Amino acid sequence: MDLARRLAAFERADLYVVITEAFCAGRTALTVLDQVLAAGVGIVQLREKDLADRDLYELAQEFRRRTEAARSLLIIDDRVDIALAAGADGVHLGQTDLPVAAARRIAPDLIVGASSHGLEEELAAQAAGAGYVNIGPIFSTATKPAAIPLGVEAITRLTPHLTIPWSTMGGINQGNIAQVVARGARHPAVMSAVTAAADVTAAAWTLRKAIIS
């Protein structure tokens, strides 16, 4: 799939689920992936920062096989090389990862997503060729306990400057997703609100309904 088709699929999708096995409530990442895909989730990110390269590659290959069968996009956190080797649809980069422009040169057909925490970072990512930017954390989150939440008003303040798709992340759950959707979020990204839920599929579907209803 080329970049244009991948970006079109990103735009059509709604909920964006990030999977890290440590936040899967004792289940394997693959078990949770299957339950996420059963809810029709269109964007999945594999986020495993501590796996050895071979283990990450093998897991990414299996994520690719299953997401491709479900016609869902697969984004790999941090690693452009793993994303390319596994045939993923994109890579998500933080502020200390490979620069967006460099990733764009290496992987012209991948969606390159970028984390941003304010106007300067989001505009820099957009100018460098990012396919989307993620704004966050919106609320406090256990995945980044030291990060200062931006608050929901940051969505209203920051997104008018963007001409590319954007997502939001950080502490989004069933109790507050309506707040981000009301401010225009079409691709809220979540982790534990889905991956640690007792019923992963039901949790993902409930969040999807909040976006598309």
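**View 1. Ala25 lies in the loop that runs between strand E1 and helix H2.** Helices (H or I, at least four residues) and strands (E, at least two) are DSSP runs, numbered from the N terminus. Although Ala25 is not a glycine, its phi is positive, at about 55°. The model is a predicted one, in which local features need pLDDT of at least 70 and side-chain atom pairs count only at pLDDT 80 or more, while totals for chains, interfaces and linings use all residues. Residues are numbered from 1 along each chain as its sequence is written, and side-chain values use heavy atoms, with hydrogens and water left out.

**View 2. Helix H2 (residues 29–38) and helix H3 (residues 53–69) have axes that come within 11 Å and cross at roughly 20°.** This angle makes H2 roughly parallel to H3, a term that covers angles under 35 degrees; the axes are lines fitted to C-alpha atoms over the stretch in contact, and angles run from 0 to 180 degrees between N-to-C directions. The crossing of H2 and H3 is right-handed, that is, the near helix is turned clockwise from the far one by less than a right angle. The contact (heavy atoms within 4.5 Å) is made by Ala29, Leu30, Leu33, Asp34 and Leu37 of H2 together with Leu59, Glu62, Phe63, Arg66 and Thr67 of H3. By class, this contact has 6 nonpolar, 1 polar and 3 charged residues, where Ala, Val, Leu, Ile, Met, Phe, Trp, Tyr, Cys and Pro count as nonpolar, Asp, Glu, Lys and Arg as charged, and the others, Gly among them, as polar.

**View 3. The largest pocket holds about 640 Å³ of space.** A pocket is an open set of points, on a 1 Å grid over the protein atoms alone, where a 1.4 Å probe fits, with protein on both sides within 12 Å along at least five of seven lines, and lining residues have an atom within 4 Å of a point. Of the 37 residues that line the largest pocket, Arg47, Ser115, Thr143, Lys144 and Met169 are the closest to its centre. The lining has 13 nonpolar, 18 polar and 6 charged residues.

**View 4. The second largest pocket has a volume of about 320 Å³.** Among its 18 lining residues, Met1, Ala9, Arg71, Ser72 and Leu73 are the closest to the centre. Helix H1 (3–12) and H3 each give two or more residues to this lining.

**View 5. The peptide bond from Gly136 to Pro137 is cis, with omega near 0°.** Pro137 lies in the loop between strand E6 (132–135) and helix H7 (153–158).

Notes. Angles under 35 degrees count as roughly parallel, over 145 as roughly antiparallel, 65 to 115 as roughly perpendicular and the rest as oblique. Grid points are joined across faces, edges and corners, and a volume is the space filled by probe spheres set on the points.
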